[in-house]
Amino acid sequence: MQFFLPRPHILIAMHDFYPGGTEKIAMTLAGAWIDMGFRVSIAVGGTSGEPDTHIPAGATIVALDPPIKRSLLSRWRLGRRLADRVTPLRPDIIFLPGNYHFGLARAFRRQLPHAAIVAKISNPLITRNGVLLKAVQRFVLRRLVNGIDALAAMTPGLMNDAKALLPDMPVRSVPDPFLADMVIPLVPARPRPPKDMLRLVCIGRLEPQKHFGLAIEVVAAMQPNTKVHLTIVGEGRERPQLERAIARHGLQEHVTLTGYRPDVSTILRDADLLLICSRYEGGPAVAAEALIAGVPFVATDCSHYLRDLAQIGSFGTLAADSSVAALVTAIHHQQQKPRPNIADAAAALSANRLSHAAQGYAQLFESLQAGQRSAAVLLSGDIPQATAEQTSLAANPHKEDVAA
């Protein structure tokens, strides 16, 4: 006789509802998990951001009061206080939605030793060059992942990197849900007359990682030979520096800072090219959103994900290096290609559909839950029967590296 394990209670732990990609994806997954029958709680250090627009119905929200605002060391305080606050909830799974939140794991492990902790790799684990800096990062990384039971990598490339750095850590590749499951309408690309202005767009937080100052330098270098306008969508601490760079180059008529905008698809509809100048990335969702809108990308070589996409048709071009000249050359090269076919893009990005990604995580969570329950019942002497698939996955968490 077989007994099926109940679906686990998932706790998502985040600093706040800051409107960044990691937080947005976490809320998207939360809604899908609720629809699949999971109980989902969301624990945050404060409700700053724009929560009303994307918190899924049915989720339980636990917010600290007084809140903990983001700062250099805030995550260490956040971990201790959140762990104390959510202990009565007794979650089965604790989901940390990105590298930024790895530091919460140790506090949760101390307070909730029977919960399985899953952390998503949202960016490369090692981002600095130089032997000494890489050695320091490896040391810090091993301390950060102490207490984490499994890592979920957004791309196979990030998974392989993680396995090389952390050979004893279970790592699965589970794609991010960049795209909804609904059918994408095949709207024709906006025709652009030969002498029309080239419309570039950058989208993301105004933070050092995104390196939007480089994008401004690119526009400056293209003047006056190319009619070009750059729209930078997002908000963050680097806004004053970017405003000064725009003024220094006299680009007030050529560069627009829009601030945070929820209607990214509207902005992409009027763009010719997505420009990504990041120092490093995991799997930038904005590239998928652009391709579905028929907009190609030009990018620095900052991501396994973009490297793979650039090999497909006319999806995009990677610059030879991270210099202004290389990016200008890549832009001119991409301009000679046809715009991406939206149907081809939808097919290439099918793994990033919401249902596929949510199911991949569900399989990982339930395999870990089966393992946790098995350990608990062995101690108690009461051994229920799990499904064959649950038993197999719990015994061998590396059985399937890519979630189906």
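Modeller: Two strands pair if DSSP finds at least two bridges between them, where strands (E, at least two residues) and helices (H or I, at least four) are DSSP runs numbered from the N terminus. This is a predicted model, in which local features need pLDDT of at least 70, side-chain atom pairs count only at pLDDT 80 or more, and totals for chains, interfaces and linings use all residues. Residues are numbered from 1 along each chain as its sequence is written, and side-chain values use heavy atoms, with hydrogens and water left out.

Biologist: How many bridges join β1 to strand β4?

Modeller: Strand β4 covers residues 93-96 and runs parallel to β1. Within this pairing, Leu11 stands opposite Ile94 of β4. The number of bridges that join β1 to β4 is three.

Biologist: Which residue of β2 is the bridge partner of Ile10?

Modeller: Strand β2 (residues 39-44) pairs with β1 in the parallel sense, over six bridges. In β2, the partner of Ile10 is Val40.

Biologist: Is strand β1 largely enclosed or open?

Modeller: Buried means under 20% relative accessible area, exposed over 50%, and partly exposed in between, with a 1.4 Å probe and protein chains only. His9, Leu11 and Ala13 point one way from β1, while Ile10, Ile12 and Met14 point the other way, and all are buried. Because six of the six residues of β1 (residues 9-14) are buried, the strand is largely enclosed.
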